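Good morning, colleagues. Please look at the sequence and the structure on the screen while I go through them.

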Number of protein chains: 2
Amino acid sequence: MSPSPSSPPTDELAREVDVEELTGAELAECWPLLDADERQRALSLLPRREGEDLFLTRATPEQAELLLGLPADERRAWLRLLPPDDAADLVQHAPPETRGSLLDLLDPVTRREVGGLLAYADDEAGGLMNPHYARLRPQMTVTEAISYLRRYAREHREGPYYAYVLDADQRLVGTVSFRELFAAEPGARIADIMRKELVTVSDDTDQEALSRLFEAHRFLALPVVDGEGRMKGVVTIDDIVEVVQEEATEDIQKMGGTEALDAPYLATDFFTLARKRAGWLAALFLGEMLTATAMGYFQQEIERAVILALFIPLIISSGGNSGSQATTLVIRAMALGEVRLRDWWRVVRRELASGLVLGGILASIGMIRILAWQLMFKPYGEHYMLIACTVAGSLIGVVTFGTLAGSMLPFVLRRLGFDPASASAPFVATLVDVTGLVIYFSVASFVLRGTLL
Amino acid sequence: MSPSPSSPPTDELAREVDVEELTGAELAECWPLLDADERQRALSLLPRREGEDLFLTRATPEQAELLLGLPADERRAWLRLLPPDDAADLVQHAPPETRGSLLDLLDPVTRREVGGLLAYADDEAGGLMNPHYARLRPQMTVTEAISYLRRYAREHREGPYYAYVLDADQRLVGTVSFRELFAAEPGARIADIMRKELVTVSDDTDQEALSRLFEAHRFLALPVVDGEGRMKGVVTIDDIVEVVQEEATEDIQKMGGTEALDAPYLATDFFTLARKRAGWLAALFLGEMLTATAMGYFQQEIERAVILALFIPLIISSGGNSGSQATTLVIRAMALGEVRLRDWWRVVRRELASGLVLGGILASIGMIRILAWQLMFKPYGEHYMLIACTVAGSLIGVVTFGTLAGSMLPFVLRRLGFDPASASAPFVATLVDVTGLVIYFSVASFVLRGTLL
């Protein structure tokens, strides 16, 4: 990259960089701007310690890319820097044919742990969990606990945020935060200062539920326990920030009518991008073809009153727009846990009322527009009032249908076990287009029968 | 709420609750399901300490609601539980007429701090920052530092995650994480173990940039410094998880063509919800009216070849769908910092190519459909081949235009200082509908002149 003096001033973070002149911290900041080769070069140019810090703080896909970009004999030292949960993530992100050789680079103990973690899905608590955590016994004094934690810290690169108090059967009986440990009387027993009200997750808790728990409790880490309450590991908040962003990105991409991308937009190669878009686009197109079929049924009506054709885009788009609004609001509320499946009836009542109000507003605007044009240009002939009524009536029907369909589709998808976010704006718009035509021509044949039709 | 035996099994977290039987931790979990009255009652039923913990872990809008729901003479003790940054957030979320009386409840020192924080916008580092943090001197030994931090922890409810090393002018010279402090030799000097490569933010760093820094560095807290490097406070990761969710929710709502809601969907009252949707919907409707105007210009063509009207919804919707995809991908990539303003030319080239490929795919499907129908039902008359070419040519044009317009609109909005997320799917669809009609009828008059037109 070369310096570009014309970089636009409103983009505050925009800055062309020369990787050779940067410190590790500066590199971390401009990292997203570099391509794979520049990253590899930047890493090799940094002092070892800074390079290690940079590597440790990268997101998993980049860690995998960086590691696999190194000569085979340098990989071991870098891979062993990682705590087991991050090593497992990295191995999972590496191409399948390289995984075995990566696992071989680990020491036998870690390899067994990582192997265990690999058995979990990437998006479950088990897959995000670190099997190392600071464990205390209820009988310890605060002073003993602190001196144990000092030893623990010397041996581990991550955490600890909380210490976990286990009984002789490895069952979790309490937690102590560092703040509480520091604040306690030196001679107090852990059993007396620990919190016994535990919030725990199991190893198959999915990451959306996990992120909601972190938000609800503002914890820095949550313990993962098995069915008998035995402690298996911890999930820490720094992984959750990444998870929350990833989940939102996936939902947003699906809601825009694309398959979720696995990599940043500019880093996704052209054919992958086109493929992820073409699938949905073609499916929607096939659905949308029903509009041509529907219009075929109404061809005679259009021939008799071409004027009706003028309002087709206006009416079906209004249905699509109101459907997009409703589906987006409901999908997001579901993702945040604000709306559950059994809330469907509350949502139906709300959206039915919203649809009628919003449809009424658009109908009024549409009516004013037709009457105003008629006054000025007389384009609609003697039956302009009937045409205005047809358009207004159709708008109320189409917007109400769009709103209801858009709000219910995420419920239906979830009930059937699909991701509600697939109820994308384009999907709802396509659904509403076909129905919108039927509504429009039905209203028209009712209002205009005997005059225009 | 009463127990409902019919709650659907797929909704794993769904559970009807009786607030009187729950512990604080259980209440926290089902909190989103309760309405304001049930929350207030639940809080009053809990033992004081559990109630306080629950209150402390709520999101700010709920803390404000809970506090204002209490009798006036009970509010002081609850408000004073909060660290200054959270108290400032709460005051900012309270109705303006109650803010003065809330500030009066604080002790004079905190009131001054909160007053200072209130001067910052809610979505800047300054507004999220806690002015309390653990500060060390470079000359301290590790043992001295640990014993100071034990005192600190006794006096503060939040953190600390890191200790900040300041010189005599309050300038930040280094940071020490707890792990590092614990791992160091007891007699070592802080100056020798602290990290001197600092990542800092200023008090007007906006929260989107903040969350990107937290993601890039996996820090638990970031120091806020002024122009001279003097330490002003810290922003901690637990606030960032909330920020990331909020930002994503706002973007998603805008991308669905609604104004961002300030509260959860079901907690937003009906008229606020309708108002936030009606604005954009009416604006889009006014824009969409241009389609009726455009169709007016092509009325003669439609009268001569009604067959053309049949494909109008199909063609304009395909443009809208491809535009939705493109705008969604670009908006999200911008929000994540993957795409900057100056990347616009790379995006144009990519999306131009995508548009042509996607348009080509849809055109082929459309062509096959028309030829197949003609073979089976003969609905399109003798010029069916010309009609098929018109539809196919228009699809390539409309999809390419939709893709380009959808991908460029976020750049234009950002360049003009607006939020790129306003380039919602419905906005792009409306824009493309009008242009799509013009493209379709232009292609038609070129291909069909002398035959059907």
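Let me begin with burial: a residue is called buried if 20 or more other C-beta atoms lie within 10 Å of its own, exposed if 12 or fewer do, and partly exposed in between, with C-beta atoms placed from the backbone. A:Lys378 has 10 other C-beta atoms within 10 Å and is therefore exposed.

What you see is a predicted model, in which local features need pLDDT of at least 70 and side-chain atom pairs count only at pLDDT 80 or more, while totals for chains, interfaces and linings use all residues. Residues are numbered from 1 along each chain as its sequence is written, and chains are lettered from A and ligands numbered from 1 in the order in which they are written.

I turn to confidence. The pLDDT value is the predictor's confidence in each residue, from 0 to 100. Chain A has a mean pLDDT of 81, with 85% of its residues at 70 or more. Where in chain A is confidence lowest, and where is it highest? The lowest mean, 64, belongs to helix α9 (residues 125-128) of chain A, and the highest, 94, to α20(A). Over residues 1-17 of chain A, pLDDT stays under 50, and for this stretch the model has 27 contacts beyond four places in sequence. Contact here requires that the C-beta atoms of two residues, placed from the backbone, lie within 7 Å. For the complex, the predictor gives an ipTM of 0.70 and a pTM of 0.71.

Next, the fold of chain A. Helices (H or I, at least four residues) and strands (E, at least two) are DSSP runs, numbered from the N terminus. Chain A contains 21 helices and five strands. Of its 453 residues, 48% are buried. Among contacts in chain A between residues at least 6 apart in sequence, 67% link residues at least 24 apart.

Chain A has three domains: domain 1 (19-123), domain 2 (134-255) and domain 3 (265-448). These bounds come from an automatic or database domain assignment. The centres of domain 2 of chain A and domain 3 of chain A, taken over C-alpha atoms, are 48 Å apart. Between them, five residues of domain 2 of chain A are in contact with nine residues of domain 3 of chain A. On the domain 2 side of this contact in chain A, α13 (207-217) and α14 (237-255) each supply at least two residues. The largest share of that side, three residues, comes from α14(A). By class, the domain 2 side has one nonpolar, no polar and four charged residues. For these classes, Ala, Val, Leu, Ile, Met, Phe, Trp, Tyr, Cys and Pro count as nonpolar, Asp, Glu, Lys and Arg as charged, and the others, Gly among them, as polar.

Now some local detail. In chain A, strand β2 (residues 162-166) and strand β3 (residues 172-177) pair in the antiparallel sense over five bridges; pairing requires that DSSP finds at least two bridges between the strands. A:Tyr162 stands opposite A:Ser177 in β3(A). The two strands form a hairpin with five residues between them, and A:Gln170 in the turn has a positive phi of about 65°.

Most residues other than glycine have a negative phi, and most peptide bonds are trans. A:Lys378 has a positive phi, near 45°, and is placed in the loop between α19 (344-377) and α20 of chain A.

Not counting residues up to four places away in sequence, A:Thr390 touches A:Val443, A:Ala444, A:Val447 and A:Leu448.

Finally, the two chains together. Their contact takes 114 residues from chain B and 113 residues from chain A. The side of chain B that touches chain A has 63 nonpolar, 28 polar and 23 charged residues. The same surface serves both copies, since 99% of the contact residues of chain B recur in chain A.
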